[in-house]
Amino acid sequence: MSAKPDPASLPCSPLVETAGLKYFPRMLGKIRLHAQGKLWEDLHANLGKGSDGACVEFLHVGYDALKARVLQGGTDEEILQWCQEQSRPLNDTDKLVWNYYTTKLGWNDHITAILAKRKADGGLGDRDDIQTIAHYIDVDEGRLP
């Protein structure tokens, strides 16, 4: 982790929703901020990867196609609708499964070691209360203490 970011360089929390789908607005915000040259540099390396990659895979759309659509403009809701038109509509169970994944990522799973490393690198290794990636992001970006 580098110096604390300027809040204007950050997308929203990974727990914010568009039409009941968590993380989606964060991914779109990262695309928009990056295109404007404003995105916090620490977030550049994972554009289209990590949770972004998992989200586009879940939606069955390619990251480059999504990025191009976002840069055309429109609301998050319009872009989510476009994603569903490109692949498949999401039902309540789809959203429940994705949201559970998003909120629990890093807690006793394949990402646990990555979370531990990020916490240690960021000087948060002693924070046992940070048990998920979403919580870590909100602390790291200054939304939570």
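1. Let's start with an opening in the protein. The lining of the largest pocket divides into twelve nonpolar, five polar and nine charged residues. In this sorting, Ala, Val, Leu, Ile, Met, Phe, Trp, Tyr, Cys and Pro are nonpolar, Asp, Glu, Lys and Arg are charged, and the others, Gly among them, are polar. This is a predicted model, in which local features need pLDDT of at least 70 and side-chain atom pairs count only at pLDDT 80 or more, while totals for chains, interfaces and linings use all residues. Residues are numbered from 1 along each chain as its sequence is written, and side-chain values use heavy atoms, with hydrogens and water left out.

2. How much space lies in the largest pocket? The value is about 550 Å³. Of the 26 residues that line this pocket, the closest to its centre are Leu43, Asn46, Arg118, Tyr136 and Ile137. Helix H1 (24-35), helix H2 (50-59), H6 and H7 each give two or more residues to the lining, and the largest share, four residues, comes from H7. Helices here are DSSP runs of H or I with at least four residues, strands are runs of E with at least two, and both are numbered from the N terminus. A pocket is found on a 1 Å grid over the protein atoms alone, as an open set of points with protein on both sides within 12 Å along at least five of seven lines; a cavity is a set where a 1.4 Å probe fits but cannot get out, and lining residues have an atom within 4 Å of a point. Grid points are joined across faces, edges and corners, and a volume is the space filled by probe spheres set on the points.

3. Tyr23 sits in the loop between strand S2 (21-22) and H1 and has a positive phi of about 75 degrees although it is not a glycine. Most residues other than glycine have a negative phi. Tyr23 counts as buried because its relative accessible area is 4%; buried means under 20%, exposed over 50%, and partly exposed in between, with a 1.4 Å probe and protein chains only. His60, in the loop between H2 and H3, also has a positive phi, of about 60 degrees, and is not a glycine.

4. Is Lys30 buried or exposed? Lys30 lies in helix H1 and is buried, because its relative accessibility is 5%. Its side chain makes a polar contact of 3.1 Å with the side chain of Asp52. A polar contact is a pair of N or O atoms within 3.5 Å; within protein, one must be able to donate a hydrogen and the other to accept it, and residues adjacent in sequence count only if both atoms are side-chain atoms. Beyond its neighbours within four places in sequence, Lys30 is in contact (heavy atoms within 4.5 Å) with residues including Tyr23, Leu43 and Asn46.

5. Which residues have the most contacts inside the largest nonpolar core? They are Leu21, Phe24, Met27, Cys55, Leu59, Leu66 and Cys83, in a core of 26 residues. Such a core is a set of buried Ala, Val, Leu, Ile, Met, Phe, Trp, Tyr and Cys residues joined through side-chain atoms within 4.5 Å. H1, H2, helix H3 (63-72) and helix H4 (76-86) each give two or more residues to this core, with the largest share, five residues, coming from H1. A second, separate core of nine residues includes Leu105, Leu115, Leu124 and Ile130.

6. Finally, please look at Thr132, in the loop between helix H6 (112-121) and H7. Thr132 is buried, as its relative accessible area is 13%. Its side chain reaches the backbone nitrogen of His135 at 3.1 Å. Leaving out residues up to four places away in sequence, Thr132 touches Thr103, Lys104, Leu105, Trp107 and Leu115.
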